[in-house]
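My notes follow in the order I looked things up.

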Amino acid sequence: MAKVDTNKVMQQAERSCVEHGVRLTSKRKHILEVLLNAQAPRSAYEIADLYRQKTEENIPVMSVYRMLDFLMQNSFVHKLASNNKFIACAHIACSHSHQTPQFLICDNCQQVREIGVDKQLIHALEESIEHNHFQLNSPQLELHGLCETCQQDS
């Protein structure tokens, strides 16, 4: 994952919360910062441990899940369903409209790259899904394989 400007992202997240009439509490900020600084996706238990290390305050895992729900609802965090882990959105500080996220997950080093899926491709997928009388809950795509570095190392 590329190094992010945490201050810029946090400022944008706070602006977005103000615009939407919600609060980015200090605990929610700490959870978001943990994920922004993480080198790989983290489980709620790992986030609770990292939170404790950062703040010297214990936080129940159920509270972490509630905060993650808030962060996901506000498009600051994504949940990777295939491994039940969480990652900060790579586009929090972007000013452009966001595409449907696609995650390229390295099965070797666990690094994740978030890229947008072309809207025409998503539209074609949605039409195909609708044609087959299926209701899609999330258009998010998770693809597993090997990143460039791991390909070169093998």
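Which residues are buried in helix 2? I get I31, L32, E33, V34, L35 and L36. I keep in mind that this is a predicted model.

**Helix 2, continued.** I looked up what covers those buried residues, and the cover includes helix 1, helix 3 (44-55), helix 4, strand 1 (77-80) and strand 2 (85-88). I also checked the length: 12 residues at 1.5 Å a residue should span 16 Å, and the end C-alpha atoms of helix 2 are 16 Å apart, so the two agree.

**Helix 1.** Helix 1 covers residues 6-20, and its 15 residues should span 21 Å at 1.5 Å a residue; I find the end C-alpha atoms 21 Å apart, which agrees. Next I listed its buried residues: T6, V9, M10, A13, S16 and C17. They take up an arc of only 125° around the axis, so they are on the same side of helix 1. That made me recall the general point: an α-helix has 3.6 residues a turn, so residues three or four places apart point the same way. On the other side of helix 1, I find N7, V18 and E19 exposed. The cover over the buried residues of helix 1 includes helix 2 (26-37) and helix 4 (61-73).

**Rings.** How many aromatic pairs are there? I count 1 aromatic pair. The rings are those of Y65 and F86, with centres 6.3 Å apart and planes at 70°, so I log the pair as edge-to-face. Y65 belongs to helix 4 and F86 to strand 2, so the pair ties together parts 21 residues apart in sequence. Are the two residues buried or exposed? Y65 is partly exposed, with a relative accessible area of 25%, while F86 is buried, at 1%. I also spotted R28 over the face of F70, 3.6 Å from the ring centre.

**Whole chain.** I zoomed out last. The protein chain has 6 helices and 5 strands, and from the N terminus they run α-α-α-α-β-β-β-β-α-β-α. Its radius of gyration is 17 Å, close to the 15 Å that the globule rule gives for 154 residues, so I call the chain as compact as a globular protein of that length. The C-alpha trace spans about 50 × 45 × 30 Å along its principal axes. Of the 154 residues, 33% count as buried. Among contacts with a separation of 6 or more, I have 55% coming from residues 24 or more positions apart.

Terms used: Residues are numbered from 1 along each chain as its sequence is written. This is a predicted model: local features need pLDDT of at least 70, side-chain atom pairs count only at pLDDT 80 or more; totals for chains, interfaces and linings use all residues. Side-chain values use heavy atoms; hydrogens and water are left out. Helices (H or I, at least four residues) and strands (E, at least two) are DSSP runs, numbered from the N terminus. The expected span of a helix is 1.5 Å times one less than its number of residues. Buried means under 20% relative accessible area, exposed over 50%, partly exposed in between (1.4 Å probe, protein chains only). The arc is that of the directions from the helix axis to the C-beta atoms. Contact means heavy atoms within 4.5 Å. Rings of Phe, Tyr and Trp (its six-membered ring) pair if their centres lie within 6.5 Å; planes under 30 degrees apart count as stacked, over 60 as edge-to-face and the rest as tilted. A charge sits over a ring if NZ of Lys or CZ of Arg is within 6 Å of the ring centre and within 35 degrees of the ring normal. The radius of gyration is taken over C-alpha atoms; the globule rule is 2.2 Å times the number of residues to the power 0.38.
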